[in-house]
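These are my notebook entries on a structure that was new to me. I put down what I looked up, in the order in which I looked.

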Amino acid sequence: MRLAVLAAVVLSVLAQPAAAGRLDQPGAEVRLLFAGVSGDGADVGLEIALQPGWKTYWRHPGDAGIPPHVDPAGSTNLAEATVRFPMPVRFEEAGLTAIGYTAPVILPLDLRLADPKKPAELRLDVQIGLCHEICVPLEVKPTLVIDPAVKPDPAIAARLAAARAALPQPVAEGGIPRIVSLARDDGSFPPSITVEVLVPSDLAANEADLFVEGPTSEWALPVPTPIGTTGNPRLWSFGLDGAPSGADLAAARLRFTFRAGPRAVEQNVGLDGAGAMR
C-alpha cells in the first residue's frame, strides 16, 4: 500500500566536485559531495538536505512511501556503483508506518572507476519521495566530474567519512546485537515470523528498532512490530503477507537491519521447513 502522489516535481541539478551547484527547492536540497579518488575507488556521497518538517524514504519505504531510485547508467568510465543507506527511522503517515529519514542524510556511493588514471563523469537519475503535508516525487539528474587530480576538500572528506562510519555493518559472529532466534508460525494467516534479538543489557526501549526486507524487490514485507520494550532478547513480529505469490518461504533469506543505540547492524537469516534459523 502506498500513499497517493498528489503532485509531481521534475527538476535537475548540476553538482560540482565539492558541493557547489546545489538544488534549492521546497523540501530539500540535493547535491553530490566529492572527496577524491583512492586507487580505483571514488569517495562520493549523495546528500539529501531535508528542510524542517520534511521526510524522505529508505530503500524499503515500509507500508507507505516512495522507494528511492538512483541510476548511474549514463555515467562514463565507471565500472561499478552501489548506493549505501544509513540506518533509517520509522514514522507514521496517514495511519501507516513508513521507513525513512526525517533529518538531512548522506547516502554514500561505492564507486569503482574503469580506468582510475582517467577522469570519469558520474551521471545520476535520482528519483525520491518527499513528504510534509503532502507527498511529492522529486526527480533530479546530478552530474559530477570525478578527476583523480583534484585534491579533496578536508571538510567534505570528514563528512563523508562520518556518513560511512555510521552505515549498518554486517553482524559479527557472536556479537551483540544479533538475531538469536527466528520462528515461523504457519498456523496464522498470513504466516507470521517472530524474531528474537540479543541486545546490550543497558539498552533503553527507545534505542532499539528492527526492519526487514525480502530477497528481491518483489517482496514488500510489513514493518516489524515490537512485542514489549523490555527484556533480553527483544522480540518483534511481522506477517508474510508481502511475500510474492508462490514464493518458497522455506528457501527465502530475509535481510534484517537492526538499531541498538548508536550501533546499526545487518544480518541475513533464512528459515528451513521446520521454522529454524539457517
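I began with Asp 209, which is buried at a relative accessible area of 9%, where buried means under 20%, exposed over 50% and partly exposed in between, with a 1.4 Å probe and protein chains only. Asp 209 sits in strand β18, residues 208-213; strands (E, at least two residues) and helices (H or I, at least four) are DSSP runs, numbered from the N terminus. I noted that this is a predicted model, in which local features need pLDDT of at least 70 and side-chain atom pairs count only at pLDDT 80 or more, while totals for chains, interfaces and linings use all residues. Residues are numbered from 1 along each chain as its sequence is written, and side-chain values use heavy atoms, with hydrogens and water left out.

Which side chain makes a polar contact with the side chain of Asp 209? I found Arg 90, at 2.7 Å; a polar contact is a pair of N or O atoms within 3.5 Å, of which, within protein, one must be able to donate a hydrogen and the other to accept it, and residues adjacent in sequence count only if both atoms are side-chain atoms. Leaving out residues up to four places away in sequence, Asp 209 touches Met 87, Arg 90, Trp 236, Thr 257, Phe 258 and Arg 259, contact meaning heavy atoms within 4.5 Å.

I then looked at the whole protein, which has one helix and 22 strands. Of its 278 residues, 45% count as buried. Of the contacts with a separation of 6 or more, 66% are between residues 24 or more positions apart.

How many residues line the largest pocket? I found 18, with Arg 59, His 60, Pro 67, Glu 213 and Ser 217 nearest its centre. A pocket here is an open set of points on a 1 Å grid over the protein atoms alone, where a 1.4 Å probe fits, with protein on both sides within 12 Å along at least five of seven lines, and lining residues have an atom within 4 Å of a point. Strand β5 (56-62) and strand β6 (69-71) each give two or more residues to the lining, and β5 gives the most, with three.

Last, I checked the backbone, knowing that most residues other than glycine have a negative phi and most peptide bonds are trans. A cis peptide bond joins Ile 176 and Pro 177, with omega about 10°, and Pro 177 is in the loop between β15 (169-170) and β16 (178-185). The bond from Phe 189 to Pro 190 is also cis, with omega near -5°; Pro 190 is in the loop between β16 and β17 (192-198). Ala 94 has a positive phi, near 50°, and lies in the loop between β8 (89-93) and β9, where I noted Ala 94 as exposed at 74% relative accessibility.
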